[in-house]
Structures are given as structure tokens and as C-alpha cells.
Amino acid sequence: MASEGGATGYIVHHLTPLTVGEGFWTLHLDTLFFSALLGGLFVWFFKSQADKATAGVPNLTQNIAEMLVEFVDGQVKDTFHGRSELIAPLGLTIFCWVFLWNFMDLIPVDLLPLIASLMGMEYMRVVPSTDLNATFALSLSVFFLIIFYSVKVKGVFGFAKELTCTPFGPWMMPFNLLLKVVEEIAKPISLGLRLFGNLYAGELIFILIALLPPLMQPLLSFPWAVFHILIITLQAFIFMVLTIVYMSMAHEDH
């Protein structure tokens, strides 16, 4: 595949999504497919473990499920000081889903695109978190939840007062509003761009390693894959913790 269009063509081919439609209505079919597939895998795994859970000696998969639930529950208890039945399931869903997105980066870069080409598909980008549309859509979902709970907990008047009267009091209302609008808009942008940037760079390095002579590839790909496991876990953790922090701020009513 690297011989078609040289190194540049190889890189562009691996980073080009499988699309349908034009302009604003363009759909990235590979991102939608892998996101739905990995979301279904997450739901199936935890439901099956909940159905088979035993109070006796747990098996390996039950141990993994319980460890993940306790890990996320601990982070929520340390960070979120309000009362909400949504935060812990939301945190668990975001952590596992983003981790599964990122984990696709560890699959050999040529494998799934090659299978897709045999099925007649010209392009196949397999890591949803290297698609800015996916990371930004997830961060926008978190942003809308922040706005919803800010209005629900503080009321329309209370939220409007927070936007216009903090931090410098009512006499600086226009300046306060400008600062708060920038602060709120920065939340989804930073969430989406951080995840996209880190995983896009990681995927690009795997592609560059695949362009090296075959004898050199294992020497670089294995250490980078080991290091990348830390990166994909850390990025999922950061996305989850920031979501909990933002939701905690939305529930604070002074």
C-alpha cells in the first residue's frame, strides 16, 4: 500500500475517512461504525457481567468490571460533591468508550484498511478519536449537560446572575459576561482538541513506523505500543476527570 503514491500518499490514505454525502451533510462512515461497535461492546460487557455477577469468588472478567466501577466511583466521590445518579455512570461510560476508541490505535495500521480494500472500500480510518468530528461531538454532549444542570440546579435567574455578576460584581456586567462566555466555550473546545491532537499524533507515528524497512519496524513499534498504552489510558482518564469536574461546577450553587 505504501508504494501507491509514495510515503505521502500512504499517510494521506490512512488518515482519510470513508465518507458519504457532501459538504455539511458529509458522514464519516468508519467513525460512526467503529464508535457504535465499541459502544455496543462496552454495553454488552458490563451487562453480561452484571447478569452473571456472583457474591462468591469472582472470575477474571467480573474482577475487571468491578475494578473499573470502583475506580470511577472513587474519582466521582473525590471530585463531585453534589447529589446526582448520572455522574458515576456518565464517568464510567466516557472512560471506557474513549479508552476503546483509543485502543484501536494499537491494531496494526494496515490490517483493517487492507480488509476494507478487499471489500471494495477505498478508505478506512479505524481510530474514532483521530476524527475531530467524533471528539468534538463527545465534548459538545458534555457541554450541553453542563448547561442543562447549571440551569436545573441554579435556575435560569441564578445561572444568568452567575454569568453576568461573577467574578467582578454587577458593575462589571459586560466584562463578566465576556469572561464567562469564553470560559464556557473553552470547555468543549479543550476537551475535544486535547483528545484529537494526542491520538492523531500517536496514529501518525505508527504510520511513519510502518513506512520503515520491515526489519526496523519491530524495534520501534513495540516500545511505542507499550508507551502508547499509557497515553491512551491517560487521555481517557483526563477526559473523564474533566467531565466530572465540569459537572461538579455546574452543580455548585453559591
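In which helix is the place of Gln 62? Point 3 takes this up, after some remarks on the model as a whole.

1. The model is predicted: local features need pLDDT of at least 70 and side-chain atom pairs count only at pLDDT 80 or more, while totals for chains, interfaces and linings use all residues. Residues are numbered from 1 along each chain as its sequence is written, and side-chain values use heavy atoms, with hydrogens and water left out.

2. The chain has eight helices and two strands, in the order α-β-β-α-α-α-α-α-α-α along the sequence. Helices (H or I, at least four residues) and strands (E, at least two) are DSSP runs, numbered from the N terminus. The C-alpha trace spans about 65 × 55 × 35 Å along its principal axes.

3. Gln 62 lies in helix H3, residues 60–79. Its relative accessible area is 4%, so Gln 62 is buried; buried means under 20% relative accessible area, exposed over 50% and partly exposed in between, with a 1.4 Å probe and protein chains only. Not counting residues up to four places away in sequence, Gln 62 touches Gln 49, Lys 52, Ala 53 and Thr 54. Contact here means heavy atoms within 4.5 Å.

4. Ser 35 belongs to helix H2, residues 29–52. Ser 35 counts as buried because its relative accessibility is 10%. Its contacts, leaving aside neighbours within four places in sequence, are Trp 97, Trp 101 and Pro 128.

5. Helix H7 (residues 173–210) has 38 residues and should span 56 Å at 1.5 Å a residue; its end C-alpha atoms are 55 Å apart, which agrees. The expected span is 1.5 Å times one less than the number of residues.

6. Helix H8 (residues 217–251) has 35 residues, so it should span 51 Å at 1.5 Å a residue; the end C-alpha atoms of H8 are 50 Å apart, in agreement. H8 bends by about 25° at Phe 227.

7. Of the 254 residues of the chain, 37% count as buried. Among contacts in the chain with a separation of 6 or more, 70% are accounted for by residues 24 or more positions apart. The accessible surface (Shrake-Rupley method, 1.4 Å probe; for residues, only the protein chains shown count as cover) comes to about 14,500 Å², of which 74% belongs to carbon and sulfur atoms.

Definitions and conventions: Bend = angle between axes of the 7 residues up to and from the residue.
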